[in-house]
Amino acid sequence: MDCYVYYRVSTHNAAAARQAVTQLFALTAARFGASGRLQWRADTSANDTANDTAADTTTWMERYDSVSAAFVASLPQLAVESGLTGLIEGERHAECFVDAQTPCA
């Protein structure tokens with residue numbers, strides 16, 4: 001399964017949050033052998049742009065490919081250990097997806 005975790009980071013916490021994500025990725029690699037990828041919102045809808053601009057935040061997303069349910073369950077604690085949880089605005093939201101199975105002909 002692939003897991004996507006998104007949250008908002010304020011402009012004044014961006015540098016510290018980037019370091020915390022680096023630490024989070026080190027933890028996920030050491031404990032689960034999983035590597036993550038960090039992205040942030042580039043193209044936004046009118047509502048998302050208004051929300052980010054009003055709050056002086058940017059929406060960030062961590063992406064983890066081919067991970068287990070145990071990995072996903074551990075992410076909240078790893079975010080605390082890395083220091084990331086204290087640097088974001090609001091909550092982290094995780095969504096997981098599996099590949100669609102193509103029906104046989």
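Guide: Two strands pair if DSSP finds at least two bridges between them; helices (H or I, at least four residues) and strands (E, at least two) are DSSP runs, numbered from the N terminus. This is a predicted model, in which local features need pLDDT of at least 70, side-chain atom pairs count only at pLDDT 80 or more, and totals for chains, interfaces and linings use all residues. Residues are numbered from 1 along each chain as its sequence is written, and side-chain values use heavy atoms, with hydrogens and water left out.

Ser10 stands opposite Thr57 in β3. Strands β1 and β3 (residues 57-64) run antiparallel and are joined by eight bridges. They belong to an open sheet of four strands, in the order β2-β3-β1-β4, with antiparallel pairing. Its edge strands, β2 (36-40) and β4, each pair on one side only.

Helix α1 packs on the sheet and touches β1, β2, β3 and β4, where contact means heavy atoms within 4.5 Å. The direction of α1 makes about 10 degrees with that of β3; axes are lines fitted to C-alpha atoms, for helices over the stretch in contact, and angles run from 0 to 180 degrees between N-to-C directions.

The structure also holds six aromatic pairs: rings of Phe, Tyr and Trp (its six-membered ring) with centres within 6.5 Å, stacked if the planes are under 30 degrees apart, edge-to-face if over 60, and tilted otherwise. One of them, Tyr4 with Phe97, is edge-to-face, at 5.8 Å centre to centre and 75 degrees between the planes. Tyr4 is in strand β1 (residues 2-10) and Phe97 in strand β4 (residues 88-97), 93 residues apart.
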